[in-house]
Amino acid sequence: MSKSKHKVPQRHGETPLGLYLHVPFCSTSCDFCGFYQIQSDRKGILSYIDGVKRELELVDVGSRKIDTMFWGGGTPGLLPAADMLKVGSSITDALGMPTQEWTVEMAPSSVKRDKLEALKEAGVTRISMGIQSLNERLLEALGRQHSLKQIHKAYNLIREVGFRSVNVDLIFAIPTQTEEEWRADVRGALALQPDHLSTYCLTFEEDTALFIKLQQGKVSIDPDREARFYTAMWEEAENGGFQQYEISNYARPGHQCLHNVYTWRMAEWIGVGPSGSSQWAGSRHTNTPDLKDWLAGLERGERGLVDRTELSDGLLLEDSLIFGLRMNEGVDLAALERRFGRTLRQVAFFDQLVEEGKALREGDVLRLTPEGRMVADAVGEALLGRFG
Ligand SMILES: C[S@@+](CC[C@H](N)C(=O)[O-])C[C@H]1O[C@@H](n2cnc3c(N)ncnc32)[C@H](O)[C@@H]1O
Ligand SMILES: C[S@@+](CC[C@H](N)C(=O)[O-])C[C@H]1O[C@@H](n2cnc3c(N)ncnc32)[C@H](O)[C@@H]1O
Ligand code: SF4
């Protein structure tokens, strides 16, 4: 596979604009999950649908179109088909259809034919399914509701209805998981023949069941084991013909998640729904995470924003470098110089990364080597504050 085939086209002119919709409902609470989610009930769902419509009335994008849309959660796929269609048309009536990509996250237990058909009819192009593992014991260790049988059934149904791209998510370094079990999970996921694979190292999020186990000393974190699992995944994915395009993401050519790529390139996005985050209109801001608080704010005619940070060129440059270096395409220092008016091609820190074998320089492009990608978090931390 040639590298060029993996390139995401660069947009010229306007910065791409994305819309993220947070759907906070779940039917269960997984032991690892720190995302804002609540148990679904009819009253909550109806007030949410109304809230999304109201929030969109407060978002003014002028004549701009949205390029990508991502419905994450929570479990967007938990909404009944008719409700998904209502939310979808509130968005497309207000902002138009996304011009390039529309992803909806589904958990295997929420996948139903009528929902998939409704989503396809509405214009969804990409389904992302959190399978997490193909090992029943590990699914249980994660507190997941679905079985292996449900994964296969849900995946086959998604393929039958037919979407342009299908992603599956896997988690690794789960307590008690062996390296061979992890390799088997990657091979098993690739055998499904998805277009995209996301692999996440298990993180212990505060207030989750697994975090409590960590505090009680019942499970532990081993960075060396995580590094071994990371390398194993890399080998298995490459053997299976998948190329990494970002630290956690692999895709067949032409199937990278554009919504994510644009956020890593520091484009603009608007987050709608409780806990939705935006990079928009000169600031980074997050909606209040609580459904009731979010609705109360909308009643008063406001989006209830918390954590507001004004965007500065320094912040955007720093994040363009941190997130850009996590992608295999790396960063084009000359392009960033043009965008931010800063000298970047002669920065000693980048030369040092090259000397240490952590990065490669090809003309104006700086990208991490495999060794560099293993320590991408540390590289990112070292970049903090350098350009602010
Ligand atoms: C918003 S979540 C959930 C999507 C969907 N509700 C589901 O469970 O299938 C998106 C993905 O993030 C990953 N994830 C969430 N919490 C994680 C954690 N603590 N450690 C590693 N990966 C995590 C999982 O792979 C999950 O599928
Ligand atoms: C975790 S990623 C990818 C999930 C999956 N692996 C895939 O490939 O579809 C989900 C996307 O949702 C966005 N996202 C997640 N939570 C968000 C929030 N609260 N506000 C805004 N965007 C969010 C992330 O920035 C990212 O672009
Ligand atoms: S992983 Fe998905 S299904 Fe599980 S609690 Fe989190 S959002 Fe809900």
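## Helix crossing and ligand shell

Helix α1 passes helix α10 in a left-handed crossing, a term used where the near helix is turned anticlockwise from the far one by less than a right angle. This is a predicted model, in which local features need pLDDT of at least 70 and side-chain atom pairs count only at pLDDT 80 or more, whereas totals for chains, interfaces and linings use all residues. Residues are numbered from 1 along each chain as its sequence is written, and chains are lettered from A and ligands numbered from 1 in the order in which they are written.

The axes of α1 (residues 42-57) and α10 (residues 291-299) come within 10 Å and cross at roughly 45 degrees. That makes α1 oblique to α10, since angles under 35 degrees count as roughly parallel, over 145 as roughly antiparallel, 65 to 115 as roughly perpendicular and the rest as oblique. The contact (C-beta atoms, placed from the backbone, within 7 Å) includes Gly 44, Tyr 48 and Arg 54 of α1 and Trp 294 and Leu 298 of α10.

In the loop between α1 and β4 (68-73) lies Gly 62, which is exposed, with 4 other C-beta atoms within 10 Å (exposed means 12 or fewer).

Ligand 1 is surrounded by 17 residues, the closest being Phe 32, Ala 107, Gly 130, Asp 169 and Tyr 200. Strands β4, β6 (126-132) and β7 (165-172) each supply at least two residues of this shell.

| Contact of α1 with α10 | five residues | three residues | two residues |

How values were computed. Axes fitted to C-alpha atoms, helices over the stretch in contact; angles between N-to-C directions. Helix = DSSP H or I, 4+ residues; strand = E, 2+ residues; numbered from the N terminus. Contact = placed C-beta atoms within 7 Å. Nonpolar A, V, L, I, M, F, W, Y, C, P; charged D, E, K, R; others polar. Buried ≥ 20, exposed ≤ 12 C-beta atoms within 10 Å, placed from the backbone. Near = placed C-beta within 6 Å.
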